[in-house]
Amino acid sequence: MTTVALDVMGGDNCPDINIDGAYDALNKISYVRIKLVGPEALIKEKIISWDEKLKARIEIVNAPDVISLEESPVKAISRKKDSSIVVGINLVKNHDADAFISAGSTGAILAAGQLIIGRLPGVLRSPLATMIPTIKGFSLFLDCGANVDAKPEWLVQYARMGSIYMDKVQERPGASVKLVNLGTEDEKGNALTKAVHPMLSELTDINYQGYIESRDVPSGGADIIVADAFTGNAIIKTFEGTAGVLISLIKEVLKSTFLTKIGALLIMKPLKNRLKSFDAAKCGGAILLGLKGVVIKCHGNANRLEISTAIEKAVKYVEEDVNGLIEAALSESGR
């Protein structure tokens, strides 16, 4: 069985949503064990009504402390050894769990993952990779927040690691890869993109197709989108904000007059069905690629579907030995 450590105290809706997500995953996946990391008494109270067969596949790992969003990530993981994030990350480091999932502090999760678990041999930096909804489905975007200042070699590795992830976890072999730039012409871009472009063009183990402008991201212009974390995070945040504004405007228009309310009744069902295809919860959070273990960061407002999907993705990642494939790929190429 694959063992997943779940931070019960991470996120806005903890602990209920996290425990509910674990419950759903246990029912869906018969070959997963889950270690619920958090205050032992609280967790026992929440699972008291669970079926004994499900309880047999969980373990409660006591972690009485919590790292808040306001704390300095590096200082917090150093001082709060009994926090749910640090305890959970150490389970992976000590091979007592194959993966760690949390909806808690992004900074603390990233810092703990890289400082405590460490990177795979040959991995220069670990990017945070997330699936984003587009008109064509979902695309993998990396780096979306881990390494603000990047070197060309790092982005090359991002593209290769992302391609392996898409092939084995998302079951999309030959996924197209594009590099974010302010234009698609070869002469455009800053020093970083101009250095990365020819390096990616030389690779034969990925399907690199050149540059992509940020405006083409929502339309599904590439399966895998590569950028430095400063650019990537700005695009992701703009993407999320714009989506929220558009949905608010649509609701406002549909409720504005009697006739639009009639129209809303007619289109509401197909509209809701279409919007479901953009539900980020189906992606199961963002994964920190290139570590010696599996670390997944869920949204702070994650629902039970996102938590259960994250557990499912973690199991798939371990089953397909994605880390082994990344290590082998980087070793063979020497970069």
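1. In this note, a residue is called buried when its relative accessible area is under 20%, exposed when it is over 50%, and partly exposed in between, with a 1.4 Å probe and protein chains only. The structure is a predicted model, in which local features need pLDDT of at least 70 and side-chain atom pairs count only at pLDDT 80 or more, while totals for chains, interfaces and linings use all residues. Residues are numbered from 1 along each chain as its sequence is written, and side-chain values use heavy atoms, with hydrogens and water left out.

2. Salt bridges, taken as a side-chain nitrogen of Lys or Arg within 4 Å of a carboxyl oxygen of Asp or Glu, number 14 by this rule. One of them joins the side chains of Lys46 and Asp16, with an N to O distance of 2.9 Å. Lys46 belongs to helix 2 (residues 40-46) and Asp16 to helix 1 (residues 16-28), so the contact ties together parts that are 30 residues apart in sequence; helices (H or I, at least four residues) and strands (E, at least two) are DSSP runs, numbered from the N terminus. Both ends are partly exposed, Lys46 at 33% relative accessible area and Asp16 at 38%.

3. Asp20 and Arg304 form another salt bridge, at 3.9 Å from N to O. This pair links distant parts of the chain, since Asp20 sits in helix 1 and Arg304 in helix 11 (residues 304-319), 284 residues apart. Asp20 is partly exposed at 28% relative accessibility, and Arg304 is likewise partly exposed, at 33%.

4. Arg172 lies in the loop between helix 7 (152-168) and strand 7 (176-180), and Asp223 in the loop between strand 8 (207-212) and strand 9 (224-226), 51 residues apart.

5. On the surface, Lys251, Lys255, Lys261, Lys272, Lys276 and Lys282 gather in a patch of positive charge, where patch residues have over 30% relative accessible area and no salt bridge, and like charges are joined within 9 Å. Helix 10 (residues 258-276) supplies the largest share, three residues, whereas Lys251 is found in helix 9 (residues 229-254).

6. With a disulfide defined as a pair of cysteine sulfur atoms within 2.5 Å, a search of the whole structure finds zero. Cys144 is buried at 9% relative accessible area, and Cys298 is buried at 1%.

Conventions:
Patch = residues over 30% accessible without salt bridge, like charges linked within 9 Å, V, L, I, M, F, W, Y side chains within 5 Å. Areas by Shrake-Rupley, 256 points an atom, 1.4 Å probe, with all protein chains shown as cover. Lys, Arg positive; Asp, Glu negative; His and termini not counted. Charge placed at Lys NZ, Arg CZ, Asp CG, Glu CD.
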